[in-house]
Amino acid sequence: MRAVVIGGGVMGLATGCALAAEPGAVVTVIERAAVAHAWASSHGWSRAIRHEYGPEAIYTHMVARSLSLWDELARETGVKLYTETGVLTLGQPEDGHTLPGYEVMRAAGLPVERLTPDETTRRFPQFSAGDFGAITWNPVGGMLAASDCCAALARRLRSRGGNLREGMGVSRVELAGSGAVVTLATGERLACDVAVVTAGPWVRKVLPDLELPVTPTRQQVTYFSGLDARAFGVGAFPIFLAGMNDYGFPMHGPGWIKAGLHRFGAEVDPDTGYAPSEAETAAVRAFFRRVIPAAAEAKAEMVDRCMYDVTPDEDFILDYHPGGRGIVIGSGFSGHGFKFGPLIGEMLAALALGKAAPFPLDRFALGRFTR
């Protein structure tokens, strides 16, 4: 079987690895720039891996499987990919997320607790939690080293005999008979039995004849420096999710905390850059003043930008091209997909190989948008 994967982010690399494990498979992953390049959705020091998905139990179970897959990759490559920080969720009883998520996690056997605002402040004195009526603490969860995860997947791909072509753009992907043809920016055409499109925000550009309900959006996070590691380092300060809008990480990288807004930015052209938003950084600082006052005057050291590929319901698209099985589409990861990378790779590879996937795929069918 000849397979071409378009997009060398976390999903494309993981899919390439899963396909390359198939006996006799010839696998090529094509990346328009370089693995974990600065404009990629899959780059940077950190991504969260958390079980907190409100009532959506399938995602909680997918996270548990993903954690074990990341652990396998770390042991295989000898690289530390995951740091456990725990996850503190600050919500409200009626938000439809915090308390249903607590019940789902309890049913899954996770050691999650409910905390009062006073208990939260005693345990995590950095937080002023009085505005929140539903608070949960889950010690299982933390940070994935995003760029290192991608590099480890690239190493696994090559060790399994896969080919990684960096610095190579793709003009379009088309069905051809029972397979597909991938046209590169150079004009070279690659015929294959199956093409897997994991092109992130560029998905509509490489599948121009398919009106996918995927929007590329601008996103940013801000890194803050100058804080005390005894209060804001790993072990003292958890990953937090607050009010369904704000999130943050303990000190990492050069010793900075990271925070951002959990909301989708404006639509962008993925081939066109954009300037950082001072208003977004100011909104993060306003949140700090209200909830994490000791961080309110920290220096905004760096703004990191990327893009999301967002679907209307924020669920993924894992499905065949509606015109034929020669193209498999992995898209719409909507800012929460990174944590599932190796598992999504297995699921997309199962589609490409015509095998059973490790989790049901009905939820992720493209046809849900036209039913």
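A charge sits over a ring if NZ of Lys or CZ of Arg is within 6 Å of the ring centre and within 35 degrees of the ring normal. The exercises below concern a predicted model.

**Exercise 1.** Determine which residue lies over the face of Tyr53, and at what distance from the ring centre.

*Solution.* Applying the definition to Tyr53, one finds Arg50 over the face of the ring, at 4.3 Å from its centre. A further case is Lys258, which lies over the face of Phe249 at 4.4 Å from the ring centre.

**Exercise 2.** Classify the ring pair of Trp45 and Tyr223 as stacked or edge-to-face, and locate both residues.

*Solution.* The ring centres are 5.1 Å apart and the planes stand at 90°, so the pair of Trp45 and Tyr223 is edge-to-face. Trp45 belongs to the loop between β2 (26-30) and β3 (47-49), whereas Tyr223 belongs to strand β14 (residues 215-225), so the pair ties together parts 178 residues apart in sequence. As to accessibility, Trp45 is partly exposed, with a relative accessible area of 36%, while Tyr223 is buried at 1%.

Methods: Residues are numbered from 1 along each chain as its sequence is written. This is a predicted model: local features need pLDDT of at least 70, side-chain atom pairs count only at pLDDT 80 or more; totals for chains, interfaces and linings use all residues. Side-chain values use heavy atoms; hydrogens and water are left out. Rings of Phe, Tyr and Trp (its six-membered ring) pair if their centres lie within 6.5 Å; planes under 30 degrees apart count as stacked, over 60 as edge-to-face and the rest as tilted. Helices (H or I, at least four residues) and strands (E, at least two) are DSSP runs, numbered from the N terminus. Buried means under 20% relative accessible area, exposed over 50%, partly exposed in between (1.4 Å probe, protein chains only).
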